[in-house]
Amino acid sequence: MIHVRVLPDADAVGVAAADIIDAVASRPGGAVLGLATGSSPDRAYREIVRRNAGTANPYRRARVFILDEYVGLPPGHPERYAAVISRAITTPVGIPADRLNAPNPDLPDLEAACADYDRTVSEAGVDLQLLGIGGNGHIAFNEPGTPFDARTHVTELTERTRRDNSRFFSGEIDRVPTRAITQGIGTVLGAGELLLIATGRAKADAVAEFLHTEPSLHLPVSALHAHEAVTVLLDEAAAGAIDPSRVQPSVRWQTADDRFSRESA
Ligand code: F6R
């Protein structure tokens with residue numbers, strides 16, 4: 001089931017996402033959190049850090065797994081995703097470095113690195129996986145055409161993804177790696193709950209296609225229709241192209257009284 005909540009703006013989306021992540025992190029025994037990089041979770045991470053920095057907080061017991069990692073950036077490069085996540089959230093809330101897990105792109109045998117990471121993620125059992133959505137409908141770095149049962153693998157990034165991400169590399173697409181290790185769609189679907197965040201007009205077409213379309217390989221995010229517990233948080237701009245009469249049967253809308261219905265508010 002996909003629960004869609006439309007909020008006025010990106011700040012409200014960040015606060016709502018932080019509420020959901022905080023609740024999972026606070027579960028007794030410590031949570032296993034799957035975190036995403038990119039711009040979509042920025043506000044949520046800032047809000048979580050604001051609420052939890054410098055205090056005894058539930059995140060200190062959490063284990064974190066990231067979705068993906070570039071291949072080809074040297075250790076210590078500031079855009080390595082493990083470094084990005086460490087700066088954005090895990091270090092500020094006090095998660096020890098040895099509980100931040102990422103695929104290792106430095107091993108000579110990348111296939112072995114993928115298999116190892118996939119096994120570690122699956123054995124840990126991710127409680128909540130945070131996701132952004134690419135303009136082409138990718139989730140993690142599963143580009144269009146990736147089978148829905150794919151496990152962690154090395155992927156070639158599309159030119160569109162590299163162009164979108166060039167903003168983190170001084171606008172120069174040639175500096176964006178061509179390959180990455182990514183959790184597969186099948187690995188992502190193994191998480192207990194999924195939380196997808198999309199904000200801004202640039203995501204509106206991909207979001208609408210996701211909610212309108214039956215699962216289809218050309219749109220990796222459409223694999224989420226088969227998951228039992230998906231929350232989608234959108235701002236009004238990202239929700240702008242949805243036609244409520246065309247959404248898939250798996251979609252529910254959050255209503256003003258916090259219930260979910262087949263009808264949009
Ligand atoms: C990031 C990731 C990607 C991004 C997606 C959206 O770890 O796996 O799928 O979530 O590319 O990126 P932003 O949020 O920068 O628009």
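This is a predicted model: local features need pLDDT of at least 70, side-chain atom pairs count only at pLDDT 80 or more; totals for chains, interfaces and linings use all residues.

Biologist: How many residues line the largest pocket, and which lie nearest its centre?

Modeller: There are 33 lining residues, and Gly38, Ser39, Ser40, Ile133 and Lys203 lie nearest the centre. By class, the lining splits into 14 nonpolar, 12 polar and seven charged residues.

Biologist: How much space lies in the largest pocket?

Modeller: About 550 Å³. The ligand takes up space there: the largest pocket is where the ligand sits.

Biologist: Switching to the ligand, then. Which residues come nearest to the ligand?

Modeller: The ligand has 14 residues around it, with Ser40, Asp68, His138, Ala140 and Lys203 nearest. That shell is made up of four nonpolar, seven polar and three charged residues.

Biologist: Ser40 turns up again. How far is an N or O atom in its side chain from an oxygen atom of the ligand?

Modeller: For serine 40 the distance is 2.5 Å.

Biologist: And what about the side chain of lysine 203?

Modeller: An N or O atom in the lysine 203 side chain is 2.6 Å from a ligand oxygen atom.

Biologist: What does the backbone of glycine 132 do?

Modeller: One of the backbone N or O atoms of glycine 132 lies 3.5 Å from an oxygen atom of the ligand.

Biologist: How much of the ligand's exposed area does the protein bury?

Modeller: The protein buries 93% of the 400 Å² that the ligand exposes when taken alone.

Conventions: Residues are numbered from 1 along each chain as its sequence is written. Side-chain values use heavy atoms; hydrogens and water are left out. A residue is near a molecule or strand if one of its heavy atoms lies within 4 Å of it. A polar contact is a pair of N or O atoms within 3.5 Å; within protein, one must be able to donate a hydrogen and the other to accept it, and residues adjacent in sequence count only if both atoms are side-chain atoms. Accessible areas come from the Shrake-Rupley method with a 1.4 Å probe; for residues, only the protein chains shown count as cover. On a 1 Å grid over the protein atoms alone, a cavity is a set of points where a 1.4 Å probe fits but cannot get out, and a pocket is an open set with protein on both sides within 12 Å along at least five of seven lines; lining residues have an atom within 4 Å of a point. A molecule sits in a cavity or pocket if more than half of its atoms lie within 2 Å of its grid points. Ala, Val, Leu, Ile, Met, Phe, Trp, Tyr, Cys and Pro count as nonpolar, Asp, Glu, Lys and Arg as charged, and the others, Gly among them, as polar. Grid points are joined across faces, edges and corners, and a volume is the space filled by probe spheres set on the points.
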